[in-house]
Amino acid sequence: FVVSAPSGTGKTTVVEQLVQVVPDLGLSRSYTSRAMREGETHGVDYNFITRERFEKMAREGQFLEWADVFGNYYGTSAADTDAMLARGEDVVLVIDVQGARQVRSRGIETIGIFVLPPSAAVLEQRLRGRSKDSEEQIRRRLEVASAEVDEYSQYEYVVVNDEIEAAVGRLES
Ligand code: 5GP
């Protein structure tokens with residue numbers, strides 16, 4: 001399953017709750033070169049690695065997909081997802097629209113789910129509320145969000161995250 005959504009939609013929270021309630025469903029932990037935010041843990045939220053190590057992994061073809069998002073690298077390890085599938089788990093990738101495109105173009109059978117905020121205004125409120133991002137960063141995220149939302153039709157399902165519990169229920173079904 002490929003889940004994409006603009007930054008600030010709350011997709012990570014929703015998917016983390018989803019994998020708690022659906023048996024044999026696992027969340028793939030991405031690799032990123034971005035700095036850890038307060039409250040994040042290495043090996044839990046992401047595998048935080050240096051840009052150099054990321055570039056080396058990319059050169060070696062270790063990523064199923066990877067992308068540069070807001071100036072940082074993010075990628076899915078092919079070995080990690082293969083291991084999950086081999087254990088009999090279904091896998092959820094929470095990745096941006098560029099990564100989702102790569103996965104589709106590899107001909108991998110996936111179900112795409114696009115998570116939308118209830119409105120552009122709510123997204124802006126969430127981005128301002130959660131973060132220490134600068135005004136400049138928030139503006140950039142909002143611009144990118146609007147371009148990303150244009151891609152929703154490439155996904156099989158759209159889920160609106162108006163309220164977490166309800167959104168988890170919709171994803172579960
Ligand atoms: P954040 O820095 O806010 O955690 O994530 C920023 C963006 O990177 C989000 O849109 C998120 O979905 C995306 N992202 C996270 N992990 C991956 C990944 O492994 N691959 C790709 N392509 N995007 C990712």
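The structure is a predicted model, in which local features need pLDDT of at least 70 and side-chain atom pairs count only at pLDDT 80 or more, while totals for chains, interfaces and linings use all residues. Residues are numbered from 1 along each chain as its sequence is written, and side-chain values use heavy atoms, with hydrogens and water left out.

**The ligand**

The ligand is surrounded by 16 residues, the closest being Ser30, Arg34, Tyr46, Tyr74 and Asp96; a residue counts as near if one of its heavy atoms lies within 4 Å of the molecule. This shell divides into 6 nonpolar, 4 polar and 6 charged residues, where Asp, Glu, Lys and Arg count as charged, Ala, Val, Leu, Ile, Met, Phe, Trp, Tyr, Cys and Pro as nonpolar, and the others, Gly among them, as polar. The strands β5 (63–69) and β6 (72–77) each supply at least two residues of the shell, strands being DSSP runs of E with at least two residues and helices runs of H or I with at least four, numbered from the N terminus.

| Residue and its atom | Ligand atom | Distance |
|---|---|---|
| Tyrosine 46, polar side-chain atom | oxygen | 2.5 Å |
| Glutamate 65, side-chain N or O atom | nitrogen | 2.8 Å |
| Glycine 75, backbone N or O atom | oxygen | 3.2 Å |

Taken alone the ligand exposes 520 Å², and the protein buries 95% of that, with accessible areas coming from the Shrake-Rupley method with a 1.4 Å probe.

**The sheet and a helix**

An open sheet is formed by 4 strands in the order β4-β3-β6-β5, with mixed pairing; two strands pair if DSSP finds at least two bridges between them. Because β4 (47–48) and β5 stand at the edges, each with a single partner strand, one side of each is left without a neighbour in the sheet. Strand β3 (residues 31–32) pairs with β4 in the parallel sense over 2 bridges, and threonine 32 has phenylalanine 48 in β4 as its bridge partner.

Helix α3 (residues 78–86) is capped at its N-terminal end by serine 77, whose side-chain oxygen lies 3.3 Å from the backbone nitrogen of alanine 79. Glycine 88, which follows α3, has a positive phi near 90°.

Notes. A polar contact is a pair of N or O atoms within 3.5 Å; within protein, one must be able to donate a hydrogen and the other to accept it, and residues adjacent in sequence count only if both atoms are side-chain atoms.
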